[in-house]
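Look at the fold below and follow its chain. This report walks through loops, helices and sheets in turn.

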Amino acid sequence: MSKRIKIRLAVILFFTLLSIFLFAGAPPSVANMKQRIRLGLDLQGGVQLVLKVKTSDAIRAETDQTIESLKTQLQKANINYRELTRTQDNQFTASGVDTTKNSEFQKLMTDNHPEWDVSSKSGDTPNSYLIDLKQAQEAAYRQQSVEQAVSTISNRINQLGVTEPTIQRRGTAANSDEILIQFPGVKDPGRVRSIIQSTALLELKMVEGGGTYPSEQAALQQYGGQMPSDLQVLPSSEHSADGSPTYFLIHKSGGISGRDLKNAYVSRDENGRPAISFSLNADGAQKFGIITEQNIGKLLAIILDGRVQSAPVLKSRITDQGQITGSFTPDEAKDLALKLRSGALPASISIEQETTVGATLGTDSIVAGVTAAAIALAAVVVFMLVYYKASGINATAAMFLNLIVLLGAMAYLGATMTLPGIAGVILTIGVGIDSNVLIFERIREELRAGKNAASAVTTSFARVFITLVDTHLAALISAAFLFLFGTGPVKGFAVTLFIGLVSNMFTAVFVSRTLFELVLARKERAEAISI
């Protein structure tokens, strides 16, 4: 046996053992295989959700934030105005602006809010402006809100401990507002849905007045039925003694939001009940210190998703620490702390589609897929042995090694095996055998042309190599596009096919040729080959 063949056999043995180790561990076992190959939703059961991000909420929030910021800037610039009112999600009006400071107002908007278009508004109110969000900026905000929603949901799900979820934007369009989520093996889909959909917007704002009101109308009566522009009525999570809801009058501006939050964790209140303690970042602590110092003796509302959780009396200056109390169960407190840590969603979310795959159905899919693969494998082996005689053993060995390398690579890369992925494995078997058929038929032609076996093998592999590269490259390009533009199941098929094509080039060209050369090297005269 030549040194060249020994080296090639050593390479084959190395990749074989490496693939077995990656796939089945050392020593090889079924338990290790189950741990190292990740199963997709369709094989182990779970939940798939298609979510729709209501991007208009994000635009509305941006408009409201701009209005609050503009109020502060106008006050600092000593520019009087009557009212700033949001008229649409992406539009608001500034009415009654001081006529002597039109240029200052225009400059302030240009310098501080260049993303807004300002135009004079005709109507009954003199010296008023219509302020619209620019279309390009609005599209960017909508896209950012979806991307932020994907990031926030990912943070929440990862902290929840769901194994290997799939969270991605659905579709390829830049304006897509849908998110596809898959939770393989999840056992409590209701809890997952609750954590995903909750906005978890935390706000700390001052309460107007000294207490609660039995209804919104009662709160409005304090101002003659007309709510001032800087106040709002919010419901309380607590009810009165008779079980009826209660309401607070809350200042819209001058508070702390979830953006200033640094951390949140489960704790206990003074009565030993579950609560959520939180800490603020440096900027938030500074603002919170000023607010609490200026309002000692007043009520501070702790607001979550537009509902007042509690309203304690400020007894002293507070900087970077706080606590949310209420009627929380331990699980509710844990989930709320998780949602606060992961950040608030930029917009509300609705579930457009929900698909549940049971574990039993997943097991049936595995059995059906493996059965189909086994039948295909057996049929191909029988055909190759009958049609190509002893050379069929060569093709069978290369095919089995192809599968071993494929599974080892998938385990190493952490690729997920799905039902379409099993179809990709079966297709890989077909592609591998097709490569061997091309090589074997070329060898037969060379033998019929009068060449000896060794020369026929060498010539055939040399001439077929370019053809194999062309066909595999075309298939690899197709698999790449399927992966880039496909959804979960299609991606699973593309990944399996891509890895299978690469491993097939190795087995069809390198392994198969080495086996032929090994057989011919053992013959005294390399003139005969069974094919």
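K389 sits in the loop between α11 (359-388) and α12. Its phi is near 55°, a positive value in a residue other than glycine. Helices (H or I, at least four residues) and strands (E, at least two) are DSSP runs, numbered from the N terminus. This is a predicted model: local features need pLDDT of at least 70, side-chain atom pairs count only at pLDDT 80 or more, and totals for chains, interfaces and linings use all residues. Residues are numbered from 1 along each chain as its sequence is written, and side-chain values use heavy atoms, with hydrogens and water left out.

N78 also has a positive phi, near 60°, and is a residue other than glycine. N78 lies in the loop between α4 (55-76) and β3 (83-88).

Just after α12, G414 takes a positive phi of about 75°.

Two packed helices are described by the angle between their axes and the distance between the axes. Axes are lines fitted to C-alpha atoms, for helices over the stretch in contact, and angles run from 0 to 180 degrees between N-to-C directions. The table gives two such pairs.

| Helix pair | Angle | Axis distance |
|---|---|---|
| α7 (189-197) and α10 | about 40° | 10 Å |

α12 passes α13 in a right-handed crossing. A crossing is right-handed if the near helix is turned clockwise from the far one by less than a right angle, and left-handed if anticlockwise. Contact means heavy atoms within 4.5 Å. Among the residues that meet are A395, M399 and L403 of α12, and V425, I429 and F440 of α13. By class, this contact has nine nonpolar, five polar and no charged residues. Here Ala, Val, Leu, Ile, Met, Phe, Trp, Tyr, Cys and Pro count as nonpolar, Asp, Glu, Lys and Arg as charged, and the others, Gly among them, as polar.

**Helices α7 and α10**

α7 and α10 are oblique to each other. Angles under 35 degrees count as roughly parallel, over 145 as roughly antiparallel, 65 to 115 as roughly perpendicular and the rest as oblique. α7 passes α10 in a right-handed crossing. R191, S194 and I195 of α7 touch K334, D335, L338 and K339 of α10. This contact has two nonpolar, one polar and four charged residues.

**Two open sheets**

Which strands form the open sheet of three? The order is β13-β14-β17, with antiparallel pairing. Two strands pair if DSSP finds at least two bridges between them. β13 (261-268) and β17 (321-324) stand at the edges with a single partner each, so one side of each lacks a neighbour in the sheet. Seven bridges join β13 to β14 (residues 274-280). V266 stands opposite I276 in β14. Helix α10 (residues 330-342) lies across β13, β14 and β17, at about 170° to β13.

The open sheet of four strands runs β7-β8-β2-β18, again with antiparallel pairing. Its edges are β7 (166-169) and β18 (349-357). Neighbouring strands here are turned by 15° against each other on average, direction ignored. α7 packs on this sheet, touching β2 (46-53), β8 and β18. Four bridges join β7 to β8 (residues 178-184), and I167 stands opposite I181 in β8.
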